[in-house]
Amino acid sequence: MSGHSTYQPQSGFMKWMERRLPIGGLVHSSFVAYPTPRNLNYWWTFGGILSFMLGVQIITGVVLAMHYTPHADLAFKSVETIMRDVNYGWLLRYLHATGASMFFIAVYIHIFRGMYYGSYKEPREVLWILGVIIYLLMMATGFLGYTLPWGQMSFWGATVITNFFSAFPGIGEPLVTWLWGGYGVGSPTLNRFFSLHYLLPFVIAGVVILHVWALHVAGQNNPTGIDPKSDKDTVPFTPYATVKDGFMIVCFCILFAWFAFYLPNYLGHADNYVPANPAVTPAHIVPEWYYLPFYAILRAIPNKLLGVLALFGSIGILAFLPWLDTSKVKSARYRPLYRQFFWLFFAVCIGLGWLGAKPAEGIYVVLARILTVYYFAHFIIILPLLGIFEKTKPLPNSISESVLGSKA
Amino acid sequence: MKRIILALTLAGFAAAATPVLAEEGHDTPQPPRVKWSFSGPFGKFDQAQLQRGFKIYREVCANCHSMQMVAFRNLADAGGPGFSEAQVAAVASEYKIKDLDDKGEAVERAGRPADYFPSPFANELVAKAANGGVAPPDFSTLAKARTYERGFPWFIFDIFTQYQEQGPDYIVALLQGYVDAPKDFQVPPGGNYNKYFPGHSIAMPPPLQAGQVTFDDGSPQTLDQYTRDITSFMMWASEPHLVARKRLGLQVMVFLIVFAGLMYFTKKKVWSAAH
């Protein structure tokens, strides 16, 4: 999507088209000729996997929406009708439900890869921020979607999350009533959640286009973190990246199919097969696994408003990462101290996720508080200081030198 | 350092998990694992077992429990109890279905295969009033709506072993879990002590006793057999396309693994030019 296209249209039609709407040239320069660093490892294939998963979710979702009824009295039953009477409805629904989890597995790998190799640093700050926006939109979409089956966890999850907004002083109560469309979570809430759940994936797709655009302007980062200097450092996107991404997408599909066909309910909650009942509160209200670290942060803080602010802050702080990390060296490969703190941060996130699934009592609250403090300290204290005090290893002269080593 | 962090993390998990497991172990025991014909990648429902389970449902459970999302016709669906069309029509005709006639008058007519199983109570309030304030749960999704906490690290192993039968295991344990209450446990009025029920006081009295339902296929008429048969039937009612799902899953898996292999060698061939 940048620079002058080297595309030479072959057919008469494409020549005619190129003078009017150069879509062939756009595709060619973005996905064929686009130079990609030759040393990218398999962690770089998750962008392609994520695009694929977005497609899967949109296609299965659009078909599911043809059979779904967003009404408090009918939603649960319509989902069961999909499972029982719609041709391959069970397949569509399980692909869509486990697909959401797969989407998040891929996005977490993608985010941690970016953190490890410093992919957010100059000149990729906007690229990174667009990624954070996509992640936020994904979280919103996932939450809205989990409400739709209208089981017990759908209903109570929606109740707990929307109640966050009541924490804001003064405007809290009217704001929540406005969000609900009534004095409690009910049909109006479900109907608007359905509408938004259908809308947001297309907003995500739009931001993904910006994300890819920004990527193709700045160029991909790579495991060395140094920019390509000559043609020797890069290979054309097609066939090299295409076939590598394709291979990993197929591998990822094996994992996806394992869950969709054999463990379709593993990542959900049994309670969600109980129809929503406003009169009965489940023993433990637990969000989907991909929100658990943030749920732990929310509950670690005794004050509701501060808890909600910490929750949003823990995601919002990611947008400032390019400026919080003061190191000039991008890749953790050449940052021995950062590498250790990266893995420690990773462990803290897993720990918070585990605590988010536990009841907020006793030792769990204490642990959640310690890990929450560490989570923020990683961004606010450790990263700025590391850039100043860390002694980094020498960088290779070029990508091709680091790949081919003595051969070059 | 990486290893130290890993060790510390694991130790932290273990330390935090132990007291909870111990507590739960004392409170509510883990349901024992049952061997199910429908578990694992090649799982299938046992037709004879589903038919026995249906007999138990009809003669015992259906007196209180509805099954609103299952139709008579489903009894003849592939991968299910395997009734013939004629058998389904015969079963359906034994039920009375509330309907309106051509003049709009309320009538009761014999059931047809397209009808759904009628509920034992007119509505939820009636069901509540007749059962000590708690409506008996509907059977349509019940086997998937029940579970028990697996805890760390078992929930990770379950991904690899494909253990998905927490619900059925819990239901079997519950149906066999009626024992005398410990001396220090006060069972509230209207409650029945159950070893596996969270909180131990369950409104449902022991529903099944040995010899209660007659089997025509010579299967033992024991509580153990009854509980496994009815649970199998409940699992089918909750997941009627389970057999089709696992069969298609196997085909998809074989295809994907072969496809991944081909992609791998293609990738290797393409990249060999770059080095």
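Modeller: Let us begin with Ala218(A), whose contacts beyond four places in sequence are Pro123(A), Arg124(A) and Leu127(A). Please bear in mind throughout that this is a predicted model.

Biologist: How do you know that Ala218(A) is in contact with Pro123(A), Arg124(A) and Leu127(A)?

Modeller: Two residues are in contact if their C-beta atoms lie within 7 Å, and Pro123(A), Arg124(A) and Leu127(A) meet that condition with Ala218(A). The C-alpha atoms of Ala218(A) and Pro123(A) are separated by 6.2 Å, although the two residues are 95 apart along the chain. Ala218(A) itself belongs to helix α9 (residues 187–218) of chain A.

Biologist: Why is Ala218(A) called partly exposed?

Modeller: A buried residue needs 20 or more other C-beta atoms within 10 Å, and an exposed one has 12 or fewer. Ala218(A) has 18 such neighbours, and therefore counts as partly exposed.

Biologist: What makes the backbone of Tyr88(A) and of Trp150(A) worth a remark?

Modeller: Phi of Tyr88(A) is near 55 degrees, a positive value in a residue other than glycine. Trp150(A), likewise not a glycine, has a positive phi of about 60 degrees. Tyr88(A) is in the loop between α4 (75–84) and α5 (89–116) of chain A, and Trp150(A) is in the loop between α6 (125–147) and α7 (152–163) of that chain.

Biologist: How do you know that the span of helix α9 (residues 242–272) of chain B agrees with expectation?

Modeller: The helix has 31 residues, and at 1.5 Å a residue it should span 45 Å; its end C-alpha atoms are 44 Å apart, so the two agree. The buried residues of α9(B) are Leu242(B), Arg245(B), Lys246(B), Gly249(B) and Leu256(B). These pack against α5 and α10 of chain A.

Biologist: How many residues of each chain are in contact across the interface?

Modeller: On chain A there are 34, in contact with 39 of chain B. Helix α10(A) gives the most to the side of chain A that touches chain B, with 13 residues. By class, that side has 24 nonpolar, 4 polar and 6 charged residues.

Biologist: Why is strand β1 (residues 96–100) of chain B said to lie largely in the open?

Modeller: Of its 5 residues, the number buried is 0, so β1(B) lies largely in the open.

Biologist: What makes β1(B) and strand β2 (residues 106–110) of chain B a pair?

Modeller: Pairing requires at least two bridges, and 5 bridges join β1(B) to β2(B), which run antiparallel.

Biologist: How does the radius of gyration of chain B stand against that of a compact globule?

Modeller: A compact globule of 275 residues would have a value near 19 Å, but chain B has 24 Å. The C-alpha trace of chain B spans about 85 × 55 × 40 Å along its principal axes. Buried residues make up 29% of chain B.

Biologist: Which residues have the most contacts inside the largest nonpolar core?

Modeller: They are Ala106(A) and Leu352(A), in a core of 81 residues. The largest share of this core, 13 residues, comes from α5(A). Apart from it lies another core, of 41 residues, among them Val274(A), Met69(B), Leu142(B) and Leu174(B).

Note on methods. Residues numbered from 1 in each chain as written. Chains lettered and ligands numbered in written order. Predicted model: local features only at pLDDT ≥ 70, side-chain atom pairs only at ≥ 80, totals over all residues. Rg over C-alpha atoms; globule rule 2.2 N^0.38 Å. Helix = DSSP H or I, 4+ residues; strand = E, 2+ residues; numbered from the N terminus. Expected span 1.5 Å × (residues − 1). Nonpolar A, V, L, I, M, F, W, Y, C, P; charged D, E, K, R; others polar. Core = buried A, V, L, I, M, F, W, Y, C linked by C-beta atoms within 7 Å.
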